[in-house]
Amino acid sequence: MKHPNEKIMLELIKYTRIRTKNKIRVGAFIIKGNKIVAKAISTVFISEDPTAHGEINVIKKLAKKNKSRNLKGHWIYTTMIPCPMCTSAIAWSELDGIVYGLDGRHLLQQLDLHPKEILKTSKKEIKLIGPFLDDECLTINTYKKKNK
Ligand SMILES: [Zn+2]
């Protein structure tokens, strides 16, 4: 599959939108070939786990399923730009690339470090594409556009 893929991102936005009420939640899919092989959403406020971001949850889910910590050959799609923790987890799992929707760093108001800064220190070259379909991401009710 050629990345970024519009159909996958639109499906991810829909998946995230119907699971989001009043807290910011990030959805993430992992893709292999042209198939979605894992889906997850952040569960920070449900599990009271500060590390339970969507990207972390989906990586853990697939690594467990594959019985492998190495996810090369896969891409991750997220509704929002990955934070430094998640970008690091993506590097540790050696995913091939990232497609993110909204650059939502203004919503988090801390740890404002662009993923490219982390990825340039990664051993493996991981592609980074985004913002992609960010206007559609704004249909997720807790996401807001940056005031300019
Ligand atoms: Zn994160």
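With 19 C-beta neighbours inside 10 Å, Leu119 counts as partly exposed; a residue is buried if 20 or more other C-beta atoms lie within 10 Å of its own, exposed if 12 or fewer, and partly exposed in between, with C-beta atoms placed from the backbone. The model is predicted: local features need pLDDT of at least 70 and side-chain atom pairs count only at pLDDT 80 or more, while totals for chains, interfaces and linings use all residues. Residues are numbered from 1 along each chain as its sequence is written.

**Leu119 and its surroundings**

- Leu119 belongs to helix H6 (residues 115–119); helices (H or I, at least four residues) and strands (E, at least two) are DSSP runs, numbered from the N terminus.
- Apart from neighbours within four places in sequence, Leu119 is in contact with Thr87, Ala91, Ile126 and Leu128, where contact requires that the C-beta atoms of two residues, placed from the backbone, lie within 7 Å.
- A distance of 9.1 Å separates the C-alpha atoms of Leu119 and Ile90, which are 29 residues apart along the chain.

**The sheet**

- An open sheet of 5 strands has the order S2-S1-S3-S4-S5, with mixed pairing; two strands pair if DSSP finds at least two bridges between them.
- Strand S2 (35–41) and strand S5 (127–129) are at the edges with a single partner strand each, so one side of each has no neighbour in the sheet.
- From one strand to the next, the twist averages 20°.
- Strands of a sheet pair through backbone hydrogen bonds, either parallel or antiparallel.
- Strand S1 (residues 27–32) has 5 of its 6 residues buried, so it is largely enclosed by the rest of the structure.
- S1 is joined to S2 by 6 bridges in the antiparallel sense, and Ile30 stands opposite Ala38 in S2.
- The hairpin of S1 and S2 has 2 residues between the strands, and Gly33 there takes a positive phi near 60°.
- S1 also pairs with S3 over 5 bridges, again antiparallel, and Ile30 faces Ile76 in S3 as its opposite residue.
- Strand S3 (residues 74–80) and strand S4 (residues 97–102) run parallel, joined by 5 bridges, and Ile76 stands opposite Ile98 in S4.

**Packing of helices H3 and H4**

- Helix H3 (residues 54–66) packs against helix H4 (residues 84–93) at an angle of about 25°, and their axes are 9 Å apart; axes are lines fitted to C-alpha atoms, for helices over the stretch in contact, and angles run from 0 to 180 degrees between N-to-C directions.
- H3 is therefore roughly parallel to H4, a label for angles under 35 degrees, with over 145 counting as roughly antiparallel, 65 to 115 as roughly perpendicular and the rest as oblique.
- Glu55, Ile56, Ile59 and Ala63 of H3 make the contact with Cys86, Ala89, Ile90 and Ser93 of H4.

**Backbone features**

- The peptide bond from His3 to Pro4 is cis, with omega near 5°, and Pro4 lies in the segment before helix H1 (6–17).
- A cis peptide bond also links Gly130 to Pro131, with omega near -5°; Pro131 is in the loop between S5 and helix H7 (134–137).
- Glu94, in the loop between H4 and S4, is not a glycine but has a positive phi near 60°.
- Gln109, likewise not a glycine, has a positive phi of about 60°, and with 7 C-beta neighbours inside 10 Å Gln109 counts as exposed.
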